[in-house]
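Please examine the sequence and the structure shown below before reading further.

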Amino acid sequence: MSTQGKPVPTPNPVPLETAEKSGAVDPGRRRLLEAGIAAGVVVPAQALIGATNVLAQSGTAGAYSDGKAATLVIASHPYPDRSVVNKALWNTVENSQGIVFRRLESLYGDDIHGIDVETERKAYEGMDRVVFMFPIHWFNLTPMLKAYFNEVWTQWAPQALKGKKMLVVTTVGAKASAYTREGRIGFTIEEVLAPMKASANYAGMIYLEPLAFLGVSEADEKMIRACQDRLAERLRETSDKH
Ligand SMILES: Cc1cc2nc3c(=O)[nH]c(=O)nc-3n(C[C@H](O)[C@H](O)[C@H](O)COP(=O)(O)O)c2cc1C
């Protein structure tokens, strides 16, 4: 499943932009990467303040601080090296306070059978909010996120996660106009995310209003910054606010 250095094997189901069509990052998005936008040079000033309090469990940065985390962020992207928008969002997470951040591919590559179930379950301890962050690919979850639910949630989730909040943060290539009844997709993004809401319901969780960034295939620097700002804002919301 790893595609490092290889073209993405599947074409897009909707007329998305060149990066997805060709399997390569297009020159404009590449420039954004090189300019450091996606690498997180540009993050909200208020998020930077919390940089030392990040509780990162991404596998690359494993240190905990003494700060108390209340939010667990589980992120997944099957092609992390090609990501522009999610990469920028990960940086915002890493610079936000009170967060335990776990990137599935960073921890487990694309090994759907290699997920450390006990460690993943333990990561929920003391958390009142769980954020799932992923790009929409084929109107669906990423393979590692699906594997995560298969392995980690099972019948364990309803007793363990009841009452916790779930926030879905997703990025979507096609424009908002496509995600309407009359639009090309014929479904709203809320409908596309129905499996996440159903999973939250199954586990007795409180499903928060999802944060969906639509039309990101055309994202420029300004739009990516706006996405980062909006995410930082949602992450700052205290649990009693949502
Ligand atoms: C294999 C693949 C499938 C995709 N499927 C969809 C899709 O079903 N609907 C859509 O709107 N965008 C689709 N896209 C576009 C992605 O959602 C978009 O590229 C991504 O959210 C951008 O985030 P990134 O820069 O972190 O990769 C697809 C992209 C790829 C590579």
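Arg 102 and Glu 120 are both buried, where buried means under 20% relative accessible area, exposed means over 50%, and partly exposed lies in between (1.4 Å probe, protein chains only). Their side chains meet in a salt bridge, with 2.7 Å from N to O. A salt bridge is defined as a side-chain nitrogen of Lys or Arg within 4 Å of a carboxyl oxygen of Asp or Glu. The pair links distant parts of the chain, since Arg 102 belongs to strand E3 (residues 99-103) and Glu 120 to helix H6, 18 residues apart. Side chains of opposite charge can pair when their charged atoms come close. The structure holds seven salt bridges.

The model is predicted: local features need pLDDT of at least 70, side-chain atom pairs count only at pLDDT 80 or more, and totals for chains, interfaces and linings use all residues. Residues are numbered from 1 along each chain as its sequence is written, and side-chain values use heavy atoms, with hydrogens and water left out.

The protein chain contains 11 helices and seven strands; helices (H or I, at least four residues) and strands (E, at least two) are DSSP runs numbered from the N terminus. Of its 242 residues, 51% count as buried.

Helix H6 (residues 117-122) also contains Arg 121. Apart from neighbours within four places in sequence, Arg 121 is in contact (heavy atoms within 4.5 Å) with Glu 151, Val 152, Trp 153, Thr 154 and Trp 156. Val 117, in helix H6 as well, is in contact with Glu 151 and Val 152 when its neighbours within four places in sequence are left aside.

Thr 154, one of the contacts of Arg 121, lies in the loop between H7 and helix H8 (156-161). Its phi is near 35 degrees, a positive value in a residue other than glycine. Most residues other than glycine have a negative phi. Trp 138 likewise has a positive phi, of about 50 degrees, although it is not a glycine. Trp 138 is placed in the loop between strand E4 (129-135) and helix H7 (143-153). Thr 154 is partly exposed at 30% relative accessibility, and Trp 138 is partly exposed with a relative accessible area of 42%.

Helix H11 (residues 221-236) has 16 residues and reaches 22 Å from its first C-alpha to its last, close to the 22 Å expected at 1.5 Å a residue; the expected span is 1.5 Å times one less than the number of residues. Which residues of H11 are buried? They are Ile 224, Cys 227, Gln 228, Leu 231, Ala 232, Arg 234 and Leu 235. These residues cover an arc of only 165 degrees around the axis, and therefore lie on the same side of H11; the arc is that of the directions from the helix axis to the C-beta atoms.

Glu 233 and Arg 230 both lie in H11, three residues apart, about one turn of the helix. Their side chains meet in a salt bridge of 2.9 Å, N to O. Glu 233 is partly exposed at 38% relative accessibility, and Arg 230 is partly exposed at 31%. Another salt bridge joins the side chains of Glu 237 and Arg 234 (3.3 Å, N to O), and both of these residues are buried.
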